[in-house]
Amino acid sequence: MVTVPLHQTVRALTPVFTAAIYRYCFSSIYDKETYISLAPVILGVMLASYGDLYATLLGFSMTLLGTLLAAVKTVTTNRLQTAGLHFGALELLYRMSPIACAQSLAMAYLCGEIQQFRDFAAVPGQFRLQEVMILLVNGAIAFGLNVVSFETNRCAGALTMTIAANVKQVLTVVLSIMIWRIQVGSMNACGIVLTLIGGAWYGRVEVMGKRKGVTNAVKMEEGEAEKGESNSPKGQS
């Protein structure tokens, strides 16, 4: 339905959807430089994953919908932790895990995976302690990943998470090149470099913006303190 390069290209647009959600749903507008810094990251991922671009209409529509839902999920996770309810990462996992488990079991049943597991476990010697330990370790890693992801989302923000996801795609390609000696073209290599530069640029813009916000806050506090001293009885005398 969708080739892998086209899927990666469409998923690279997640930061655009995230910024649009904040702008039109929460009236939150980022600095102009922040919007500009998104361009090299998105374009870099597109170049890094450039290849056979093919999709059916249904496949492309589902991929686009998945990208939108990924942005909605990231924004919702941030809002649940920073606005209104102020859930912590563990509390959010505690409330969402049973729903996710029920959803996974339902999909596994519909796709026939539960029956495949029964057939696998029914064979003597197949389901050993080693397989149990692999499942437990995999679950522990997934738990740790969710905790770290939620905490990072709360501290850094939803848009930063989507930028990090794009950089992660490129770093995955880099690791594949280093481990399996995969050959990439010049366009793919340019995309990798462009994404890393764009990610560094975005990080710099975010840090400078936070420093500027802290400086302005300190100046406002100092101004209010001076105004209070001038309006005090001692200052009026």
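Modeller: Terms first. Axes are lines fitted to C-alpha atoms, for helices over the stretch in contact, and angles run from 0 to 180 degrees between N-to-C directions. Helices (H or I, at least four residues) and strands (E, at least two) are DSSP runs, numbered from the N terminus. This is a predicted model: local features need pLDDT of at least 70, side-chain atom pairs count only at pLDDT 80 or more, and totals for chains, interfaces and linings use all residues. Residues are numbered from 1 along each chain as its sequence is written, and side-chain values use heavy atoms, with hydrogens and water left out.

Colleague: Fine. At what angle do α7 and α8 pack?

Modeller: About 125 degrees, with the axes 7 Å apart. That makes α7 oblique to α8. On angles, under 35 degrees is roughly parallel, over 145 roughly antiparallel, 65 to 115 roughly perpendicular, and the rest oblique.

Colleague: Which residues meet there, α7 against α8?

Modeller: S149, T152, N153 and A156 come from α7, and A158, T160 and M161 from α8. Contact means heavy atoms within 4.5 Å.

Colleague: And how many are nonpolar, polar or charged in that contact of α7 with α8?

Modeller: Three nonpolar, four polar and no charged. Ala, Val, Leu, Ile, Met, Phe, Trp, Tyr, Cys and Pro count as nonpolar, Asp, Glu, Lys and Arg as charged, and the others, Gly among them, as polar.

Colleague: Step back. How many helices and strands in the protein chain?

Modeller: Ten helices and zero strands.

Colleague: What share of its residues is buried?

Modeller: 25% of the 237 residues. Buried means under 20% relative accessible area, exposed over 50%, partly exposed in between (1.4 Å probe, protein chains only). As for contacts with a separation of 6 or more, 81% are between residues 24 or more positions apart.

Colleague: Now α2 and α4. How do their axes cross?

Modeller: At roughly 55 degrees, coming within 9 Å. α2 covers residues 14–25 and α4 covers residues 57–82. The two helices are therefore oblique to each other.

Colleague: Left-handed or right-handed crossing for α2 past α4?

Modeller: Right-handed. A crossing is left-handed if the near helix is turned anticlockwise from the far one by less than a right angle, and right-handed if clockwise.

Colleague: Which residues make the contact?

Modeller: From α2, T14, F17, T18, I21 and Y22. From α4, L64, T67, L68, A70, A71, V72, V75 and N78. The contact of α2 with α4 divides into nine nonpolar, four polar and no charged residues.

Colleague: Tell me about T18. Buried or exposed?

Modeller: T18 has 0% relative accessibility, so it counts as buried. Leaving aside neighbours within four places in sequence, T18 is in contact with A71, V75, A158, L159 and T162.

Colleague: And Y22, what is it in contact with?

Modeller: With S27, S28, Y30, V75, N78 and A158, again leaving aside neighbours within four places in sequence. Y22 counts as buried, at 6% relative accessibility. Y22 and A158 are 136 residues apart in sequence, and their C-alpha atoms are 9.4 Å apart.

Colleague: Where does S27 lie?

Modeller: In the loop between α2 and α3. Phi of S27 is near 55 degrees, a positive value in a residue other than glycine. S27 counts as exposed, at 63% relative accessibility.

Colleague: Back to α4. What does it reach from first C-alpha to last?

Modeller: 38 Å over 26 residues, close to the 38 Å expected at 1.5 Å a residue. The expected span of a helix is 1.5 Å times one less than its number of residues.

Colleague: Which of its residues are buried in α4?

Modeller: G59, T63, T67, A70, A71, T74, V75, T77, N78 and Q81. They pack against α1 (4–11), α2, α5 (89–111), α7 (129–156) and α8 (158–180).

Colleague: What follows α4?

Modeller: G84, with a positive phi near 75 degrees. H86 lies in the loop between α4 and α5. Phi of H86 is near 55 degrees, a positive value in a residue other than glycine. H86 is exposed, with a relative accessible area of 51%.

Colleague: Last one: which residues of α3 are buried?

Modeller: T34, S37, L38, P40, V41, I42, G44, V45 and A48.
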